[in-house]
Amino acid sequence: MLGGAGILLGVAAAPAQAAEVSYKTECVPPSISGLPPVQGTTKVEITAPAEAKVGDEVTITWKFTQAASKNPDVLDLDKDTVKPTGTLKAGGVQTADIAMEGPRQNPAIPKNSDMKLSDMTGKLKLTAAGDVTLTPDAYDINVSKPISTDTKCTPKETVKSSATIKVTGGGTGGTPTPTLPTGLPTLPTGLPTLPTGSATPSPSGSGTDGGGDSGGSDGQTDFTGKEVSVPYACKTPIGDKNATSPVQINAKKNGGSYDLTVQFKKSVMDSPADIPADSVKPSMEVALGGADKGTVHVEGPTNSAAIKSGDPIEVPDLTGTYKPGATGESTLSPGVLTVKALGTTTTCTPTKSEVSLTLDTSEQASGASGGGSTSSGSGSSGTSGGLAETGSDSHSALKALGLVAGTVILLGGAVFTFMPGRRTR
């Protein structure tokens, strides 16, 4: 019995005795929050098997013994609203970026108290014999309420490895190299050759180089643009904000014109306040380039139902019609975005333009080239609207939150963050 127990203990892989490692960290809140970057110290303990074999897939645990910050005096964080994700660097005989993720589990975190982050786990398949080192790297912290916000934390010094796995060869997880049997017969010589000049089939459809499908004369009617990341500078009645959102422009040919659909690829977000129905309406001027010039107006529907505080909000598609004003290769890029909410206007201008869709167009009468499109008049400086009426009307706070919510929906920014720093007045 004792001998059998010894065998079992010998087979089990002992966990590594991971020493705590600390490193200077900079955490950057979303720019829309108005809070500055925070300098702090992260303390981490990495746990992994001390020994393993080539081909094994091992589970690794990242434990925060100290986050780089405290929860500032912005708001109390509710129970189970904080979720960490990060990257663990594998080095030595094998290099890899290991994705780490923790559950959304935390106690209630009052203002001005230490952050409590759950343990993160990840997996690594071992491919080479020798020592594999594990070193913590950047991590993100997401808070789901009152709306989804992200803060990104990166090391500001060289981080020491926190654990080492000794990998030996001969694991069962690898794929053995087959050996060919000897004594096989040789192929006869003088076999006839295949005839030359065979036709090569032509690929169907269009490629996506340089920004989505290219609309040609091969009968194609649907054209899918590529997703591009658009940085916006926004002017709102409550201040200037910056945000970045992934955007995609698709087209469907309709006679000589194209029906456009602009999609914002952000996930569902929670509303920071009660928003009445029909109070938030987005629109955009799609920028034309290449052979054609000008813009195409697209717009989305208003919210058809009232949205309660904390409920998710989906991004609406923006639609419109593009009538080409030139013959040739024309490009379409996300342009100026306008958000009207509760009597106010926010204007967001791309700071960098990138083509999402390229079309082979044919000039149409009264097409777009050079003249742009009919504007909805919403691209103003963003200083008009009811937010100027700040007197004793308690509804003004709701208007401000409603406007921010409209901007957040479309641009994927965050209103709150939990990194420490001086609050803006």
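Mentor: A residue is called buried when its relative accessible area is under 20%, exposed when over 50%, and partly exposed in between, using a 1.4 Å probe and protein chains only. Here Cys234 counts as buried because its relative accessibility is 3%. This is a predicted model, in which local features need pLDDT of at least 70, side-chain atom pairs count only at pLDDT 80 or more, and totals for chains, interfaces and linings use all residues. Residues are numbered from 1 along each chain as its sequence is written, and side-chain values use heavy atoms, with hydrogens and water left out.

Trainee: What percentage of the residues in the chain is buried?

Mentor: Of the 425 residues, 42% are buried.

Trainee: How many helices and strands are there in the chain?

Mentor: Both are DSSP runs numbered from the N terminus: helices are H or I with at least four residues, strands are E with at least two. This chain has two helices and 25 strands.

Trainee: Which strands does β6 join by bridges?

Mentor: Two strands count as paired if DSSP finds at least two bridges between them. Strand β6 (residues 82–92) runs antiparallel to β10 (residues 130–143), with 10 bridges. One of the residues to look at is Thr85, whose bridge partner in β10 is Asp140. Strand β6 also runs antiparallel to β7 (residues 96–101), with six bridges. Gly86 has Met100 in β7 as its bridge partner. The strands β6 and β7 form a hairpin, and three residues lie between them.

Trainee: How many residues lie between the strands in the hairpin of β19 and β20?

Mentor: That hairpin has four residues between its strands, and Gly294 takes a positive phi near 110° there. The pairing of β19 (residues 280–290) with β20 (residues 295–299) is antiparallel, over five bridges.

Trainee: Which cysteines are joined by a disulfide?

Mentor: A disulfide is a pair of cysteine sulfur atoms within 2.5 Å. By this rule there are two. Cys27 is joined to Cys153, with 2.2 Å from S to S. Cys27 lies in β1 (residues 21–28) and Cys153 in β11 (residues 149–155), so the link ties together parts 126 residues apart in sequence. The torsion about this S-S bond is about 115°, so the disulfide is right-handed. Both Cys27 and Cys153 are buried.

Cys234 is joined to Cys348, at 2.1 Å from S to S. This pair links distant parts of the chain, 114 residues apart, with Cys234 in β15 (residues 228–236) and Cys348 in β24 (residues 344–350). Cys348 has 0% relative accessibility and therefore counts as buried.

Trainee: How many salt bridges does a search of the whole structure find?

Mentor: Side chains of opposite charge can pair when their charged atoms come close. The cut-off for a salt bridge is a side-chain nitrogen of Lys or Arg within 4 Å of a carboxyl oxygen of Asp or Glu. The search finds nine. Among them is Lys166 with Asp131, whose closest N and O atoms are 3.6 Å apart. This pair links distant parts of the chain, Lys166 in β12 (residues 163–168) and Asp131 in β10, 35 residues apart.

Trainee: Are Lys166 and Asp131 buried, exposed or partly exposed?

Mentor: Lys166 counts as partly exposed because its relative accessibility is 45%. Asp131 is partly exposed too, with a relative accessible area of 37%.
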